[in-house]
Amino acid sequence: MATKTYAQTISDTTVMIKGIRDNQEVLSKRQIDTAFADNLQSDVAAAVTLNGEQETLKARLKEKTEQLDAVMAALTKKTGEARKIIKLDMPQSSWREFGIGDKR
């Protein structure tokens, strides 16, 4: 059986709450009463709020990842250019001073 999404669980629980409220007289014998429905409703509200906050954070994370990727691409390009120049102009014995450990 596939796992439900947050939206499906929230929607299903909302339907269940209505069913509980509409059938309290039968269900209250087993402690499925108004208080139980109110508690479920509070949990649904909290889940909706937290899900919204999570989606906002995901969007911010994606933005930051794109910014980081752009900076890392520029960094890689610049260090690659510097590496080439260092290798051309400096003796191989001094490359370690620049953090270059490889051969020509």
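Helix α3 has 56 residues and spans 81 Å from its first C-alpha to its last, close to the 82 Å expected at 1.5 Å a residue (the expected span is 1.5 Å times one less than the number of residues; helices are DSSP runs of H or I of at least four residues, numbered from the N terminus). This is a predicted model, in which local features need pLDDT of at least 70 and side-chain atom pairs count only at pLDDT 80 or more, while totals for chains, interfaces and linings use all residues. Residues are numbered from 1 along each chain as its sequence is written, and side-chain values use heavy atoms, leaving out hydrogens and water.

## What α3 buries

The buried residues of α3 are A37, L40, V44, I86 and K87 (buried means under 20% relative accessible area, exposed over 50%, and partly exposed in between, with a 1.4 Å probe and protein chains only). They pack against α1, residues 6–22.

Have a look at L75, which sits in α3, residues 34–89. L75 is partly exposed, with a relative accessible area of 45%.

## The chain as a whole

The chain has three helices and zero strands. Its radius of gyration is 30 Å, well over the 13 Å that the globule rule gives for 104 residues, so the chain is more spread out than a compact globule (the radius is taken over C-alpha atoms, and the rule is 2.2 Å times the number of residues to the power 0.38). Along the principal axes, the C-alpha atoms fill a box of roughly 90 × 25 × 20 Å. Buried residues make up 12% of the 104 in the chain.

Notes. Helices (H or I, at least four residues) and strands (E, at least two) are DSSP runs, numbered from the N terminus. Contact means heavy atoms within 4.5 Å.
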